[in-house]
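This report examines one protein model at the level of its overall build and of a selected helix. The sequence and the structure are shown below.

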Amino acid sequence: MYDARHACLSWMANNGVPDTVASAWAGHSDLGFTKRTYVHPDPQSLRAGSEKLAEPLG
């Protein structure tokens with residue numbers, strides 16, 4: 001159950017669901033807690049961030 005909760009909230013965050021909606025869905029009143037505890041970037045999101053960072057260097 002623990003892993004499913006993390007996976008679901010991470011999926012929401014990585015697929016455009018607003019942070020406030022994901023936090024409310026989880027039953028949290030503190031958005032920061034939800035993001036710190038449950039949301040983990042996926043490899044695709046990390047790659048996109050890396051590519052964006054490389055643009056000004058390219």
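Does Ser-23 count as buried or exposed? In this predicted model, the relative accessibility of Ser-23 is 3%, under the 20% limit, and Ser-23 therefore counts as buried. The residue belongs to helix 2. Beyond its neighbours within four places in sequence, Ser-23 is in contact with His-28, Asp-30, Leu-31 and Thr-34.

Helix 2 spans residues 19-26, and its buried residues are Ala-22, Ser-23 and Ala-26. These residues lie on the same side of helix 2, because the arc that they cover around the axis is only 100°. The face turned away from this buried side carries exposed residues, namely Thr-20, Ala-24 and Trp-25. Just after helix 2 comes Gly-27, which takes a positive phi of about 85°.

**Packing of helix 2 against helix 3**

Helix 3 comprises residues 31-38, and helix 2 packs with it at an angle of about 85°, the two axes being 9 Å apart. As angles of 65 to 115 degrees count as roughly perpendicular, helix 2 and helix 3 are therefore roughly perpendicular to each other. On the side of helix 2, the contact is made by Asp-19, Thr-20 and Ser-23; helix 3 contributes Leu-31, Thr-34 and Lys-35. Sorted by class, the residues of this contact are one nonpolar, three polar and two charged.

**The protein as a whole**

The protein contains four helices and zero strands, and its pattern along the sequence reads α-α-α-α. Its radius of gyration is 13 Å, whereas the globule rule gives 10 Å for 58 residues; the value is well over that figure, so the protein is more spread out than a compact globule. The following table collects overall values.

| Property of the protein | Value |
|---|---|
| Box filled by the C-alpha atoms, along the principal axes | roughly 45 × 20 × 15 Å |
| Buried residues | 17% of the 58 residues |
| Contacts between residues 24 or more positions apart | 47% of the contacts with a separation of 6 or more |

Definitions and conventions:
Residues are numbered from 1 along each chain as its sequence is written. This is a predicted model: local features need pLDDT of at least 70, side-chain atom pairs count only at pLDDT 80 or more; totals for chains, interfaces and linings use all residues. Side-chain values use heavy atoms; hydrogens and water are left out. Buried means under 20% relative accessible area, exposed over 50%, partly exposed in between (1.4 Å probe, protein chains only). Helices (H or I, at least four residues) and strands (E, at least two) are DSSP runs, numbered from the N terminus. The arc is that of the directions from the helix axis to the C-beta atoms. Axes are lines fitted to C-alpha atoms, for helices over the stretch in contact, and angles run from 0 to 180 degrees between N-to-C directions. Angles under 35 degrees count as roughly parallel, over 145 as roughly antiparallel, 65 to 115 as roughly perpendicular and the rest as oblique. Contact means heavy atoms within 4.5 Å. Ala, Val, Leu, Ile, Met, Phe, Trp, Tyr, Cys and Pro count as nonpolar, Asp, Glu, Lys and Arg as charged, and the others, Gly among them, as polar. The radius of gyration is taken over C-alpha atoms; the globule rule is 2.2 Å times the number of residues to the power 0.38.
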